[in-house]
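Colleague: I am new to this structure. Please take me through how to read it, one feature at a time.

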Amino acid sequence: MRLIDRSPRAANAVRTVSPSGELFVASIVICMILASFGDAVDPAWIGEAGLEFAIFDFGGEFSVLAMRHWHLLQLMLAGGVIAAGIMVLRIVAGAFFRPLEPAAPRDVEKVPINL
Amino acid sequence: MELDFLSAGFLSALFAIVLIDLVLAGDNALIIGLVARNLPKQTQGKVIFWGTFGAIAIRALMAILVVYILAVPGFMLAGGLALVWIARKLLTPEPNAGADHLAKAPATTFAGAVRTIVIADAVMGVDNVLAIGGAAHGSVLLIVLGLAISVPIIVWGSQLVIRLVDRFPSVILLGGAVLAWTAYSMIVREPLLAMWFEAHPATRLVVAVLIFSISLAPWYSERLSEHMKPLVVLLPALLIWMLGFEVAASVWKVQVDYLLARDEGEYLLEGLRWIGWLPLAALFLWTRERLILRSVRAVRSTPPS
């Protein structure tokens with residue numbers, strides 16, 4: 001029996017995880033796959049395709065090609081930054097789009113307009 | 001791979017070892033309690049001390065042994081494949097968590113109690129030592145440091161660990177992801193496959209996605225709608241299909257890249273590679289649908305008791 005099985009929430013982590021925690025781990029997994037992508041592509045091929053400045057060499061050290069040298073802590077840090085960025089984007093987008101949604105017909109906030 | 005002390009690589013490996021140790025830790029306290037519960041009070045203290053000491057000693061010995069075993073060609077690949085299964089098992093929900101344990105009967109003698117504790121810990125720790133052996137990159141110092149940090153936490157701070165994973169279940173998902181990443185790095189480090197991966201660099205990405213798609217399947221299948229569930233089987237199967245052609249091309253010395261194909265047979269092979277999986281996927285979906293329909297009909301036709 002594992003220690004984590006003493007907690008029903010941990011034993012069913014895929015069901016009980018919070019959206020922000022899930023986003024954080026998903027971002028780390030994406031970074032890991034990107035790092036393996038950097039490991040898989042041949043830099044010469046990127047140069048031949050003329051993509052080195054467009055996508056892959058964007059910012060030197062922060063390119064996908066450089067990610068092949070990143071260690072777990074760096075991947076986790078990058079995952080954390082991506083997750084935080086997506087969270088901020090969601091909040092900003094929510095704050096922008098919410099006022100555009102019409103209020104329910106009988107809602108208190110509904111401004112009565114009599115034509 | 002040689003890692004400099006306190007470098008980013010060293011600290012990353014240490015973090016991976018401690019995390020893997022925590023999420024895969026066995027419940028030593030429960031086992032010790034169960035084994036020692038029928039012993040006299042004065043013997044219980046000794047059993048707890050020697051049981052814990054023996055468990056730590058056997059764990060350290062096994063982990064160091066694994067580092068040397070993984071250096072033997074072939075074992076890195078086998079260990080990586082085992083880690084994929086371990087990560088998948090870690091993420092699979094356990095509805096009856098805590099119902100099963102290894103020590104069912106209380107011991108009656110001091111030696112019997114210590115032996116039961118040590119054997120139970122060794123059996124529970126096989127997956128754990130394999131994972132930390134893979135994450136240690138062949139460094140015994142990392143193994144010893146990782147165990148020195150995590151074992152006291154598990155033995156004396158198990159409640160702390162339980163509260164941490166109970167408050168943040170994402171730690172378990174992170175553990176699964178780190179296990180999958182360790183499995184990937186073990187498979188691509190396999191000495192028998194190093195040359196092949198060097199000649200086929202693109203397969204590294206396929207292997208990485210394959211490993212993540214198998215080990216994290218319990219997680220993403222929870223989020224998929226019912227009609228998208230077959231993806232859990234189809235995605236890894238498609239990646240294995242593609243990888244199989246690369247392996248076959250190396251073994252039988254045929255060309256599966258259409259830009260380099262020389263005769264009709266090789267063009268046919270290339271066509272089979274890209275669209276040959278479609279009838280198999282359709283057959284799988286059709287069979288799955290038939291089985292679901294059959295089980296629904298069986299449930300409907302069963303008279304209510």
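Colleague: Let me start with one residue. Is B:H137 buried or exposed?

Modeller: One caution before that: this is a predicted model. Now count neighbours. A residue is called buried if 20 or more other C-beta atoms lie within 10 Å of its own. B:H137 has 21 other C-beta atoms within 10 Å, so B:H137 is buried.

Colleague: Where in chain B is B:H137 found?

Modeller: B:H137 sits in the loop between α6 (126-135) and α7 (140-156) of chain B.

Colleague: What is the phi of B:H137?

Modeller: Begin with the general idea. Most residues other than glycine have a negative phi. Now the case here. B:H137 is not a glycine, yet its phi is positive, near 55°.

Colleague: Now an opposite case, please. Is A:A95 buried or exposed?

Modeller: The cut-off for exposed is 12 or fewer such neighbours. A:A95 has 9 other C-beta atoms within 10 Å, so A:A95 is exposed. This alanine lies in helix α6 of chain A.

Colleague: How far apart are A:A95 and A:P112 in space?

Modeller: From C-alpha to C-alpha, A:A95 and A:P112 are 24 Å apart. In sequence, 17 residues separate them.

Colleague: Step back to whole chains. How many helices and strands does chain A have?

Modeller: Chain A has 6 helices and 0 strands. Its pattern along the sequence reads α-α-α-α-α-α. Of its 115 residues, 28% are buried. Take the contacts in chain A with a separation of 6 or more: 70% of them join residues 24 or more positions apart.

Colleague: And how many helices and strands are in chain B?

Modeller: Chain B comes to 15 helices and 0 strands. Buried residues make up 35% of its 305 residues. Its C-alpha atoms fill a box of roughly 80 × 65 × 35 Å along the principal axes. Among contacts between residues at least 6 apart in chain B, 78% join residues at least 24 apart.

Colleague: Which residues of α3(B) are buried?

Modeller: Here is the idea to carry with you. An α-helix has 3.6 residues a turn, so residues three or four places apart point the same way. Now read the list. The buried residues of α3(B) are B:V47, B:I48, B:G51, B:T52, B:A55, B:R59, B:M62, B:A63, B:V66 and B:L70.

Colleague: Which helices do those buried residues pack against?

Modeller: The buried residues of α3(B) pack against α2 (28-36), α4 (75-91), α5 (110-124), α6 and α7 of chain B.

Colleague: Take one of those pairs. At what angle do α3(B) and α5(B) pack?

Modeller: Two packed helices are described by the angle between their axes and the distance between the axes. For α3(B) and α5(B), the angle is about 35° and the axes are 8 Å apart. Their crossing is right-handed. The contact includes B:V47, B:W50 and B:I58 of α3(B), and B:F110, B:V114 and B:I117 of α5(B). By class, this contact has 11 nonpolar, 3 polar and 3 charged residues.

Colleague: Which residues meet where α4(B) packs with α11(B)?

Modeller: B:V84, B:A87 and B:R88 of α4(B) meet B:I211, B:I214 and B:S215 of α11(B). These residues divide into 4 nonpolar, 1 polar and 1 charged. The two helices pack at about 35°, with axes 8 Å apart. Helix α11(B) covers residues 202-215.

Colleague: Next, the domains. Into which domains is chain B divided?

Modeller: Chain B is divided into domain 1 (8-188) and domain 2 (216-301). Their centres, taken over C-alpha atoms, are 36 Å apart. The contact takes 7 residues from domain 1 and 4 residues from domain 2 of chain B. On the domain 1 side, α4 and α9 (170-189) of chain B each supply at least two residues. The largest share of that side, 3 residues, comes from α9(B).

Methods:
Residues numbered from 1 in each chain as written. Chains lettered and ligands numbered in written order. Predicted model: local features only at pLDDT ≥ 70, side-chain atom pairs only at ≥ 80, totals over all residues. Helix = DSSP H or I, 4+ residues; strand = E, 2+ residues; numbered from the N terminus. Contact = placed C-beta atoms within 7 Å. Axes fitted to C-alpha atoms, helices over the stretch in contact; angles between N-to-C directions. Nonpolar A, V, L, I, M, F, W, Y, C, P; charged D, E, K, R; others polar. Domains from an automatic or database assignment. Left-handed = near helix turned anticlockwise from the far one by under 90°.
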